[in-house]
Amino acid sequence: MKKLILALAIILSISISSIAQTPSKMEMKEKQKMEMKDGVMMMNNKAMLCSNSKCALLTKTYTSTDGSKVSPNGTITKPNGSKVKLKNGYSIDKSGKITMMPHGHKGHVCGIECHKMMEKI
């Protein structure tokens, strides 16, 4: 009887440990979210150039395919001459589209708007 209980305990612990190590759908989605797109993001008041999921400090002007130029201080000059400062938690992709970095991304800045949005999800 003791051997049977011991065998059941071993089988149960092995099956539980294998389940615990299998990534859940949620964890897999989070991993996909963390992949950064190529472009420039503003993090801690510093413009970071992201390419191939790696980021480095922006040291020279970055030009997107639509002609927008991003200076090392995070100022974006659009092709029509208008200027806008990239805020922390925002990024501009290689096509020139400015977006807020999604919740969970490195550099994302959570504020009141973010918490309200997350409550709806």
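The following dialogue explains how several terms apply to this predicted model.

Tutor: In this predicted model, local features need pLDDT of at least 70, side-chain atom pairs count only at pLDDT 80 or more, and totals for chains, interfaces and linings use all residues. Residues are numbered from 1 along each chain as its sequence is written, and side-chain values use heavy atoms, with hydrogens and water left out.

Student: Why is the link between Cys50 and Cys55 called a disulfide?

Tutor: A disulfide is a pair of cysteine sulfur atoms within 2.5 Å. The sulfur atoms of Cys50 and Cys55 are 2.2 Å apart, so the pair meets that limit. The structure holds one disulfide.

Student: What makes the disulfide of Cys50 and Cys55 right-handed?

Tutor: The torsion about its S-S bond is about 100°, and the disulfide is therefore right-handed.

Student: How do you know whether Cys50 is buried or exposed?

Tutor: A residue is buried under 20% relative accessible area, exposed over 50%, and partly exposed in between (1.4 Å probe, protein chains only). Cys50 has 3% relative accessibility, so Cys50 counts as buried. Of the 121 residues in the chain, buried residues make up 22%.

Student: What makes a set of residues a nonpolar core?

Tutor: Such a core is a set of buried Ala, Val, Leu, Ile, Met, Phe, Trp, Tyr and Cys residues joined through side-chain atoms within 4.5 Å. The largest has nine residues, including Val40, Ala47, Tyr62 and Ile92. Apart from it lies another core, of five residues, among them Met43, Met48, Cys50 and Met101.

Student: Which residues does Ala47 touch?

Tutor: Contact means heavy atoms within 4.5 Å. Not counting residues up to four places away in sequence, Ala47 touches several residues, including Val40, Met42, Leu58 and Pro72.

Student: Why is Met1 called exposed?

Tutor: Met1 has 75% relative accessibility, so Met1 counts as exposed. Met1 is found in the segment before α1 (2-21).

Student: How many helices and strands does the chain have?

Tutor: Helices (H or I, at least four residues) and strands (E, at least two) are DSSP runs, numbered from the N terminus. The chain has three helices and nine strands. Read along the sequence, the pattern is α-α-β-β-β-β-β-β-β-β-β-α.
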